[in-house]
Amino acid sequence: MNLVPPQDTILGLLRIDEVYFEHDGPKFFAVSSRSGRRYLALMVDEGDDWERYLYLPVSDERFNLIRSGGTNLKRAFSEPEDGLVFDVVADYSRGSSRLEHAAGADLPDELLPTERAVLDLPTETQRAFQPERLAEKSGRERRTLLAIEVEPAGMLRTEIPLRSLSRIAGSLQDTVDALGQEEAGRPTPRGIIPNDVLRETELVFRGSQAASFVILAASGGQDNHLIESSILPNSCRRLVELLQQGSEPDRLRDLVGRYGVRVRAKYRALLESLVDEGSGVSAYIATGFGDTYQAGLKPNQVRANLNLLREVGQDVMAEHLERVNLVGVNLRTGSFELYDPVNSAKYSGYMEPEARDQISGLPTGFDHLYSADILVQQQLSNFSDEVTKTYRLIGIGAPYGATEEQEFFIQPLPPSKAADGPLEIEGGSAEW
C-alpha cells in the first residue's frame, strides 16, 4: 500500500497533483481527494522506518494564495482556515498510517517552515480565457467584445494593481475613441471628440480572466439600438492592425503616418503604460457582425513600437537638463519631479524603466544637483484647443563636469547604510 500520500485514512483516496520538493520521494506536495478536497503536505520528521507529515486542508482560494507567494509557509500551516491540520505518520514497518488532528496555532516551531520559506509560482486565480468563447458570446449578444491580455513583469497571480489597470484601460479607451473619430471621417488634432462618436466607441468593463491578466470589455454605446453601428468594430479592427504591423517597422511607420496627431498621441500613451509594466499585449476582437481579429506584441516589440512612434511627427522632443534638483520620486508609481533653479521650471511625469534603476537610492532635495534627459511630449486637451506638455524621464546622473566630491551621492552606500538594502525614496525628500 502506498503510504505517501495515505490511502487508508479519513482524508480519503488521495492523488498527488504537484510536487514542490522531493528527495527519495515527495517531501512537499499538493494532493486532492476524489471528492475534491485539497491538501498541502509537508514532511516534518523521519526515522528509519517512518515519516511524519503535516497535511494542511486548503480551499482553492487559499491554495492559490500560498502557491503564488501571497503568504509564507509558516503562516499557512500555523494559521489554517479551519484551525486544524492533520498530523500523519507513515509507518513502513506496519504498512499503515496513523492520523491525528492538531491545532495549527499549537504546532511547535521545529515542525514549521521558516518565515522566509515561500512558494513563488505563477498561478491562475481566475477562469482561463478562451478566445473561441469570446466569438460565441459576441454572436449571441450581437455586440463587439474585446479582450486585452497583459502580463506585467513579476506577476504571479491573476491580479494587477488597480492604478496600473486604470491607466492601461483609460489609454485603451482613448485610443479607440481617436480611431473612431478617424473611422467616422471627422478627425481633429485636439479638442472635443463629437458625442455621437464617443457614444459609439464607448467600452464597458465586463470583468477579467486568466491567462496572464485578461481585461474583458464590450461595446457600451448602443443605447436602445438593437444592432450596433460599424464605428466601434472598425475602430477595434484599426487597433489590431496597429498591433499586427508592430513587427514590421516600415509598415508601422507608414500606417501611423496616415493618422493624425491625436491617434499617435493616444496610442503612444497606451504603449507607454505597457512599457512601464514590463508587459506585452495581445488583443482579441469579436464583432457583432461575426468578424474576429487578434494580434499581439511581446514586451520588446512594445518598446520598439513606442520608440518608433516617438520618431513620427513633431510632438515628441528630447531635452537635456543640467544642474537640476530631484524634488521627489515614487518608485512604486514610477513618477518623479525635477526642478530647474536657474529657469524656475518644474518637470514631472513617469520614468522609463532604465531611469527607475538609475534614480533608485539618489537623495532628493535642493542640496543635490543632477543632469537629466527627458522627453517633452505634447498633451492634447479633450475639451479645448489647448496643448500642454508632459515629461518622461529617460536618464539621470551626476551633472556634467561634477567634481569627485559632488558625485558622492551616486556611489554605493557605505556598509552601515547598505546593510538594509538600497535606499528607495518614495514621494518626498530624504537625507542620510
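Residues are numbered from 1 along each chain as its sequence is written. Because the model is predicted, local features need pLDDT of at least 70 and side-chain atom pairs count only at pLDDT 80 or more, while totals for chains, interfaces and linings use all residues.

The sheet is open and has 6 strands in the order β1-β2-β3-β4-β5-β6, with antiparallel pairing. Strands (E, at least two residues) and helices (H or I, at least four) are DSSP runs numbered from the N terminus, and two strands pair if DSSP finds at least two bridges between them. At the edges stand β1 (14-22) and β6 (96-103), each of which pairs on one side only. Within the sheet, β3 (residues 38-46) and the antiparallel β4 (residues 50-58) are joined by 8 bridges. Arg38 is placed opposite Val58 in β4.

The largest pocket has a volume of about 570 Å³. On a 1 Å grid over the protein atoms alone, a pocket is an open set of points where a 1.4 Å probe fits, with protein on both sides within 12 Å along at least five of seven lines; lining residues have an atom within 4 Å of a point. A volume is the space filled by probe spheres set on the points, which are joined across faces, edges and corners. Helix α4 (residues 162-183) gives the most to this lining, with 4 residues.

The second largest pocket holds about 360 Å³ of space. Of its 19 lining residues, the closest to the centre are Ala269, Glu272, Gln377, Gln379 and Thr390. Here α8 provides the largest share of the lining, 5 residues.

Definitions and conventions:
Heavy atoms only, no water.
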